[in-house]
Amino acid sequence: MPDTLLTRDVAVAAAIIRRGGLVAFATETVYGLGANALDDKAVASVFAAKGRPQFNPLITHVESIEAARALAEFSPLAMRLAKHFWPGPLTLVLERKESCPVSLLASAGLSSIALRVPAHPLALDLIRAAGVPVVAPSANRSGAISPTTPAHVLASLGGRIDAILDGGPSTVGVESTVVSCLGAEPVILRPGGLARCRIEEALGMTLRLAEATPGALLSPGQLESHYAPHAPLRLAATSAGPNEALLAFGADIPAHAGAMENLSPGGDTGEAAANLFAALHRLDALQPAAIAVMPIPDEGLGEAINDRLRRAAAPRRHPTGAK
Ligand code: TXA
Ligand code: MG
């Protein structure tokens, strides 16, 4: 594949999607790697470009609730969530309609489909201009840190994809919250950019994490080490060694002479989420012996941040994090 084009032109990006190409595009959560969801070959090439295992299904992005209803069955609860939070950082896992034209590869053999209406205006423009639903996993090599800028995408997938639609840095900074509406009660499959308390408030009920629910279906993508920098992560650090980089949070920071990033000096988990992946990318580029991570409270987007940090610190099957 020739060099990856960096563009702000939605029409150019949409034409590439329509002809089966791969376009990374800005969303409010992280950059997505977009392809025509109706085109088996295009969807297959998303898995190939990322080195993603085929058992891990993709999120299909659409422009509106109406467009989503053409693809999947909405329970009353699912409809309530869609009306409250779309466009936004929420993905709903629903039963595919029998007539759903989205490639079965995107569902990885499941009878369900994950749907999201993103809030970034450029993402919405792209989906509308393409005129098709757009599958989009995060635009990084499988297992690596998710991208929140075009530069991150280029470093991970440059030369492997056709174009990047530049919409500036992603403002939310962590992936969408994935909620399964397949069972009697909705279950959070992946904590993310929409805080659990906001969903609970909208539904008037408490929600469980799938991981805390014995026998529940997990998001297949949640099973492995993920979001991993090259440097090992040391969690719950109260200080950092001389060869370590420090990923800090809050006002009360241990003295450290080496590299340091503070996710939020004011102790705000929303700000910390927005900074998380960019800070990991920057510290990792310095090739420290390890990244020492200070504790971050579980409140608000802290739940998603701690989920990503735990996975980044998990034992790796492959040293590079690929596959
Ligand atoms: O914010 C986001 O969600 C970003 C942007 C680009 O929209 N996308 C993203 O995609 O994070 P990805 O592929 O990195 O993560 C999708 C997650 C995975 O954990 C996958 O297993 C889960 O959604 N998923 C997709 N379809 C599913 C299904 N039918 N059932 C259960 N989990 C599903
Ligand atoms: Mg991902």
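Predicted model: local features only at pLDDT ≥ 70, side-chain atom pairs only at ≥ 80, totals over all residues.

Colleague: What makes F74 and W86 an aromatic pair, and why is the pair called edge-to-face?

Modeller: Rings pair if their centres lie within 6.5 Å, and planes over 60 degrees apart count as edge-to-face. The ring centres of F74 and W86 are 6.2 Å apart and the planes stand at 80 degrees, so the pair is edge-to-face. The structure holds 1 aromatic pair.

Colleague: Which parts of the chain does that pair tie together?

Modeller: F74 is in the loop between α3 (65-69) and α4 (76-85), while W86 is in the loop between α4 and β5 (90-95), so the pair links parts 12 residues apart in sequence. F74 and W86 are both buried. There's something else at W86: its peptide bond to P87 is cis, with omega near -5 degrees. P87 sits in the loop between α4 and β5.

Colleague: What makes a group of residues a nonpolar core, and which members touch the most others here?

Modeller: The members must be buried nonpolar residues joined through side-chain atoms within 4.5 Å. The largest such core has 50 residues, and F74, W86 and L92 touch the most other members. Elements giving two or more residues to this core include β3 (32-36), α2 (40-50), β5, β6 and α7 (196-203). A second, separate core has 27 residues, among them I145, A273, A304 and I305.

Colleague: How do you know that β6 is largely enclosed?

Modeller: Buried means under 20% relative accessible area. In β6 (residues 112-116), 5 of the 5 residues are buried, so the strand is largely enclosed by the rest of the structure. S112, A114 and R116 point one way and I113 and L115 the other, and all are buried.

Colleague: What makes β4 and β5 partners of β6?

Modeller: Two strands pair if there are at least two bridges between them. Strand β4 (residues 59-61) has 3 bridges to β6, in the parallel sense, and I59 has A114 as its bridge partner. Between β5 and β6 there are 4 bridges, and these strands run antiparallel. There, the partner of L94 is I113, and E95 stands opposite S112.

Colleague: Why is A236 called exposed, and what stands out about its phi?

Modeller: Exposed means over 50% relative accessible area. A236 has 59%, so it counts as exposed. Its phi is near 55 degrees, a positive value in a residue other than glycine. A236 is in the loop between β12 (233-234) and β13 (244-248).

Colleague: And Q287, buried or exposed?

Modeller: With a relative accessible area of 70%, Q287 is exposed. Q287 has a positive phi of about 55 degrees too, although it is not a glycine. You'll find Q287 in the loop between α8 (269-285) and β15 (290-293).

Colleague: How do you know that the chain agrees with a compact globule?

Modeller: For 323 residues, a compact globule would have a radius of gyration near 20 Å; the chain has 19 Å, so it agrees. The C-alpha trace spans about 60 × 50 × 35 Å along its principal axes. Buried residues make up 59% of the 323 residues.

Conventions: Residues numbered from 1 in each chain as written. Chains lettered and ligands numbered in written order. Heavy atoms only, no water. Phe/Tyr/Trp six-rings, centres within 6.5 Å; stacked < 30°, edge-to-face > 60°. Buried < 20%, exposed > 50% of the residue type's maximum accessible area, 1.4 Å probe, protein only. Rg over C-alpha atoms; globule rule 2.2 N^0.38 Å.
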